Amino acid sequence: MSSLKPHFSVPEYEGAISHLNGIIRGEKYRITILSDVLVRLEYSETGAFEDRPTELVKFRAFDVPKFTKKEDNTHLVVSTKYFKLEYQKEMPFEGGKVTPDQYLKISLNNTDKFWYYGHPEARNFRAAGYSLDNADGNAQYGRGLYSTDGFVSLDDSENLIFNRDGSFGKRSDKRIDIYVFLYRRDFGLCLRDYFKLTGSPALIPRYALGVWWNKDFAYNTESLEELIWNFNKHKIPISVILLSKYWHILYEEIEGGFTFNYNLFNNPKELIRNLHKNNIRIGLNINPMAGIHPDELAYERFKTKAGITEEGILPFNVFDKSVVNAYFDEFIKPLNDLGVDFYWIDYFNRNDLITLRALNHFHFTDYKKQEEKRSMILSRNGMLASHNYPVTYSGYTKVSWNNLDLVPEYNLTSSNIGVNWLSHDIGGYLDGVEDPELYMRFVQLGCFSPILRLSSAASHYYKREPWLWDAQTHAVAGDYLRLRHRLIPYLYSEAYKYYKTGLPIIQPVYYRYPELYDEPLYKNEYYFGSELFVAPITRKKEPLMNRTIHRIFLPNGIWYDFKTGKKFVGGKRYVTFFKDEDYPVFAKKGTIVPMAILDDEDINNTKPPKKLEIHIFPGKSNTYKLYEDDGISRLHEEGYFLISDIDYSYQTNNFTAIIRPTEGKSGIVPKVRSYKVRFRNTRKPNEVIVFVGNERQKESNSYVDDNDFVVEVNDVSSVKQVSINCKGSDIEIEADRIINDDIDTIISDLKIKTSLKEEIASVLFSDSEIKQKRIQIRKLKKRGLTGKHIRMFIKLLEYIAEF
């Protein structure tokens, strides 16, 4: 009987076997205490239990926690720090509709909540579903891990098992196999044990954090080169190009294919080599489930290796080991040899998730044979431990404001099941109306999303290229696409935290403020990594005001608008006004954000940059760990990485920033690096002291830039410590956000008589009561103020009253 290639084999296969001292077993039941918050429940009429890894569960050899066990011939009681389990031995877990907990009940300690088999778990906050294909503001969801009940169950009863060689198998009989997390409010413990149970998140390649491009268009070598030339011309970075189905020979009978269309790409290897020279990676759209066509170049070799004797279009069986081996040898390996970086598995069948999961697993695992290349795919959600197979593709979505509003919610529900690397069609893929405001807001949201993939159907009227829009839209979109690439040092460091600890890059605000889940104005806000907070704009602007009126909630603490530096006191709700070019991203006090300084001559480069700009916000000491490696290989698993601490020691009018390598190996980042340290909301200090290593720099390039104080330290060894101390008196700029300032700029931008602006301002900024101000605004109709302007200012007065 054939086996899969060795690199598909399951590592640490015995890790799926739990320690005996955590197991309590009877004739028909087996209960395993995996941790203080996690228990496994098995029931089988035949007394057969599962110790092999499954599609969901990879590891069960947890260190057994302390627990107490009391039992007699009929009853069992087990207690940990977090729960108490009560079970009537040998009875089915299901107790019936009237008393569902009569045989099995697990109580959360120090609460009145308890779980039983078949519990509806109504307060579960859901998880992202299979896809958003054809969605228009609506989505299907699964069960997530986060719940205000403080518990969640995952059913592993019917999932496939892994054989030792990496192939899939089915269980021999019907049984119950459920994992119950009972964490009360300690959701971090739930995530910790979930990733330990199902597998740690993968570290995606660094280039995946840049700007992706996808259009369902029959590109050829010349049109692709023209596209890249335009990106470069407009100084807009691009790191990934996806080629849709047109890259391969098209057949009338099926949509799949694996042979390059040489009429479009006469030299694919040279094309890919040139893309790589431009620091652009390439992914190909594939769907093996469409079948293998006889005109494929490797058709006969594939048949021979797979042991297939039939002729014609061959169905693809992903569960046949000989077929899988032949497929990767004859179709995928030749593409890898050409330099293809990853594959977009475009299998769309909501009723066949088992096949999708197998495709995802084999394609992702196939990279293990290449140490120089890190695993990544793009595919729809297989709905079981999908964090193991990034990147998750949300499908072909419609162009609409409804979908823009849906995207952040969907991202947050993905975090609820441990999936962070989710990719949407930024701008929408098809249908709808091309709207410059919608496009800008999509790009801005994409900038602060896990993956930014510009994507659309074939028509040239779908404008995902920023330069095809008006000057304003082009400028705004270009700025945020550049900002995305500048943020890669920060994003990659946060990706490393996710890989090492399971800490989601996107964390919903309702993790810390569960009451906001039921408030539609605020429920889609999220922490973006450890340092930033985003309140996404998903609604149209008020056209007369030319601003989006946006209600936000900010968590406790002091926050600053990341762009303007305006200061907000947290724990409050605000009414804010955002122009097209602005977006509600906030940095807490003491925030440190490392960013790349883009090189116009090498703008697509996502490698560790030669020039770093570090934004530091005042108010609190902090340390940020900047993580760097080569970004493409698996050498980081062998210690080839560098972690640099960026320390900020804050005292009023006296603060120090220190950049120093603390862990890893040299040679990972450029030998010489330049730093631009931007102290936000800071005046010029009286004294600036700069050290590189032990040497004090006689001169430093420092200056004021708007409300920031900037210190540049150029061309220094990247393994030496850089220290910057600033002292002075009254050097911190408060920059409190005052709503009158916002309203004054609104008045200033209106296309009405200047004399009317003066009169409006005198009314709005007077000490009169709101009611009196309304009357005075209405009287300005006699002075020429139009009805629509009057209504707008009456609305503004409502916001002032609310504030």
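Is Tyr 146 buried or exposed, and what is its relative accessibility? At 6% relative accessibility, Tyr 146 counts as buried, where buried means under 20% relative accessible area, exposed means over 50% and partly exposed lies in between, with a 1.4 Å probe and protein chains only. The views below come from a predicted model, in which local features need pLDDT of at least 70 and side-chain atom pairs count only at pLDDT 80 or more, while totals for chains, interfaces and linings use all residues. Residues are numbered from 1 along each chain as its sequence is written, and side-chain values use heavy atoms, with hydrogens and water left out.

**View 1. The ring pair of Tyr 146 and Phe 187 is edge-to-face.** The two ring centres are 5.1 Å apart and the planes stand at 85 degrees, so the pair is edge-to-face; rings of Phe, Tyr and Trp (its six-membered ring) pair if their centres lie within 6.5 Å, and planes under 30 degrees apart count as stacked, over 60 as edge-to-face and the rest as tilted. Because Tyr 146 lies in the loop between β10 (141–142) and β11 (151–155) and Phe 187 in helix α1 (residues 187–198), the pair ties together parts that are 41 residues apart in sequence. Helices (H or I, at least four residues) and strands (E, at least two) are DSSP runs, numbered from the N terminus. Phe 187 is also buried, with a relative accessible area of 7%.

**View 2. Phe 8 and Phe 328 belong to one aromatic cluster.** The count for the structure comes to 64 aromatic pairs. In one of them, the rings of Phe 8 and Phe 328 have centres 5.4 Å apart and planes at 55 degrees, so this pair is tilted. Phe 8 lies in the segment before β1 (23–25) and Phe 328 in helix α5, 320 residues apart, and the pair thus links distant parts of the chain. Both Phe 8 and Phe 328 are buried, and the cluster that holds them also includes Phe 162, Phe 168, Phe 258 and Tyr 327.

**View 3. Phe 448 and Phe 679 have the most contacts inside the largest nonpolar core.** This core has 207 residues, a nonpolar core being a set of buried Ala, Val, Leu, Ile, Met, Phe, Trp, Tyr and Cys residues joined through side-chain atoms within 4.5 Å. Its largest share, 8 residues, comes from helix α5 (residues 321–338). A second, separate core of 26 residues includes Val 763, Leu 764, Phe 793 and Tyr 799. In soluble globular proteins, nonpolar side chains tend to be buried together. Leaving aside residues up to four places away in sequence, Phe 679 has contacts (heavy atoms within 4.5 Å) that include Ile 616, Tyr 648, Phe 655 and Cys 726. Cys 726 counts as buried at 0% relative accessibility.

**View 4. Helix α3 (residues 268–277) has buried residues, among them Leu 271 and Ile 272.** Pro 268 and Leu 275 of this helix are buried as well. Following α3 comes Asn 279, whose phi is positive, near 60 degrees.

**View 5. Lys 523 and Arg 680 each lie over an aromatic ring.** The charged end of Lys 523 sits over the ring of Tyr 517, 4.5 Å from its centre, and Arg 680 lies over the face of Phe 562, at 5.8 Å from the ring centre. A charge sits over a ring if NZ of Lys or CZ of Arg is within 6 Å of the ring centre and within 35 degrees of the ring normal.

**View 6. Pro 584 lies in the loop between β30 (572–578) and β31 (585–588).** At 0% relative accessibility, Pro 584 counts as buried. Not counting residues up to four places away in sequence, Pro 584 touches Phe 533, Val 534, Ala 535, Ile 537, His 550 and Phe 578.

**View 7. Gln 370 lies in the loop between α6 (353–366) and β19 (377–379).** With a relative accessible area of 11%, Gln 370 is buried, and, residues up to four places away in sequence not being counted, Gln 370 touches Asn 336 and Arg 634.
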